[in-house]
Amino acid sequence: MTTKSHPILSMVASRVGLGLLSLLIVSLIIFSAVSFLPGSYASAILGQNATPEAIAAMEAKLGLNRPWLPRYIVWLGAAAMGDMGLSFSGRPVMALIGPRLKNTLVLASITAAIAVPLSIALGIVCARYRGRLLDKFLSTSTLASISIPEFFVAYIVMMVLAVKLQLFPSMAGIRNGMGLGEQIYRMVLPILTLLLVILAHMVRNTRAAILSVMASPYVEMARLKGEPENRVVLRQALPNAIGPIASVVALNLAYLISGVVVIEVVFVYPGVGQAMIDAVRNRDVPVIQACALIFAAAYIGFNLIADIVSIVSNPRLLHPR
């Protein structure tokens with residue numbers, strides 16, 4: 001059979017192609033934006049007292065004396081093979097950010113494992129008891145949480161649980177050799193902060209998606225047949241709201257990878273976000289480019305997954321009017 005006889009496979013192939021094209025465009029923006037920044041990286045590395053000859057030698061060593069387009073093509077080809085090149089310190093970029101990326105993925109995975117089922121459950125509860133005290137309390141709390149910047153939430157959590165109550169350490173400095181229990185203990189505050197940030201978005205959007213479906217005629221028909229409200233919500237509304245919910249979950253999971261920079265800096269967590277901040281401080285361009293590309297790939301990838309899940313869960317989207 002050909003792909004034409006399988007509209008879902010055709011859709012997936014087209015979405016993957018668009019995702020790769022988006023990643024290519026983003027990689028071009030990342031490389032060119034960093035390359036066109038004013039100032040000399042060689043001068044920043046060698047210091048103000050460096051001679052022009054030393055600066056020229058350093059630029060030749062780093063390959064900065066070549067035009068940006070050939071450098072971009074070489075960098076993109078190597079990145080596609082998993083090689084992000086060498087940092088200005090001489091070490092492979094992946095050797096620098098690999099362990100940091102693992103730490104970020106661990107932090108994001110634990111947070112997602114808690115946030116996704118909890119947010120869906122709370123969204124269902126809000127939709128089930130719409131307009132009642134519990135729904136009003138959760139809606140008000142999530143709206144307040146959305147309105148507060150994540151760094152402010154982090155400092156409040158740190159002040160209350162680390163400074164006042166002294167229940168957890170304020171610095172989430174994990175390292176090799178620590179036991180799993182000690183690592184999780186040090187990660188409690190970053191995890192709690194991320195939960196407070198992303199739960200609000202997911203709960204509100206889950207509630208909105210379910211309520212939108214519950215206004216459909218077939219839900220009204222199920223009610224007229226005498227089905228209990230819990231069954232109407234779980235069996236009729238929830239399955240048809242999977243697409244919008246998946247989109248919200250994917251966007252928030254993308255945030256956990258790419259938007260965790262602030263949280264890692266506040267709690268001094270050794271993740272890829274902290275590595276990117278250190279690279280910006282040291283003007284280590286290859287590390288900055290690699291971190292930005294990883295964040296972009298995560299964001300595009302999760303959006304691609306959300307798009308596919310939305311269309312698969314609602315085949316009518318395959319044939320838009």
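Helices (H or I, at least four residues) and strands (E, at least two) are DSSP runs, numbered from the N terminus. With that in hand, select helix H7 and find Met159, which lies in it. Before going further, note that this is a predicted model, where local features need pLDDT of at least 70 and side-chain atom pairs count only at pLDDT 80 or more, while totals for chains, interfaces and linings use all residues. Residues are numbered from 1 along each chain as its sequence is written, and side-chain values use heavy atoms, with hydrogens and water left out.

**Stop 1: the whole protein**

The secondary structure comes to 15 helices and zero strands. Along its principal axes, the C-alpha trace spans about 85 × 65 × 35 Å. Of the 321 residues, 39% count as buried. Buried means under 20% relative accessible area, exposed means over 50%, and partly exposed is in between (1.4 Å probe, protein chains only). A contact is a pair of heavy atoms within 4.5 Å. Among the contacts with a separation of 6 or more, 72% are between residues 24 or more positions apart.

**Stop 2: helix H1**

Select residues 7-35, which form helix H1. The expected span of a helix is 1.5 Å times one less than its number of residues. For the 29 residues of H1 that gives 42 Å, and the end C-alpha atoms are 42 Å apart, which agrees. Which residues of H1 are buried? They are Met11, Gly19, Ser27, Ile30, Phe31, Ser32, Val34 and Ser35.

**Stop 3: Trp75**

Move to helix H4 (residues 68-80) and pick out Trp75. This residue is buried, with a relative accessible area of 8%. Leaving aside neighbours within four places in sequence, Trp75 is in contact with Ser27, Phe31, Met84, Gln289 and Leu293. Ser27 and Phe31 are among the buried residues of H1.

**Stop 4**

A pocket is found on a 1 Å grid over the protein atoms alone: it is an open set of points where a 1.4 Å probe fits, with protein on both sides within 12 Å along at least five of seven lines, and its lining residues have an atom within 4 Å of a point. Grid points are joined across faces, edges and corners, and a volume is the space filled by probe spheres set on the points.

The second largest pocket has a volume of about 360 Å³. Of the 18 residues that line it, the closest to its centre are Pro99, Lys102, Asn103, Ile174 and Asn176, so select these five to find the place. Helix H5 (93-128) and helix H8 (180-186) each supply at least two residues of the lining. The largest share, eight residues, comes from H5. By class, the lining has eleven nonpolar, three polar and four charged residues. Here Ala, Val, Leu, Ile, Met, Phe, Trp, Tyr, Cys and Pro count as nonpolar, Asp, Glu, Lys and Arg as charged, and the others, Gly among them, as polar.

**Stop 5: Tyr129**

Tyr129 is in the loop between H5 and helix H6 (133-147). At 29% relative accessibility, this residue counts as partly exposed. Its C-alpha atom and that of Leu21, 108 residues away along the chain, are separated by 44 Å.

**Stop 6: helix H7 and what follows**

Return to H7 (residues 150-164), which has 15 residues and reaches 20 Å from its first C-alpha to its last, close to the 21 Å expected. Where is the kink in H7 centred? The kink, of about 25°, is centred on Met158; the bend at a residue is the angle between axes fitted to the seven residues ending there and the seven starting there.

The buried residues of H7 are Val153, Ala154, Val157, Met158, Leu161 and Ala162. They pack against helix H9 (188-214) and helix H13 (261-266). Met159, by contrast, is partly exposed, with a relative accessible area of 43%. The C-alpha atoms of Met159 and Ser170, eleven residues apart along the chain, are separated by 8.4 Å.

Gln166 lies in the loop between H7 and H8. Its phi is positive, about 55°, although it is not a glycine. Gln166 is exposed, with a relative accessible area of 64%.

**Stop 7: Val268**

Finally, select Val268, in the loop between H13 and helix H14 (272-282). Val268 has a positive phi of about 50° and is not a glycine. At 41% relative accessibility, Val268 counts as partly exposed.
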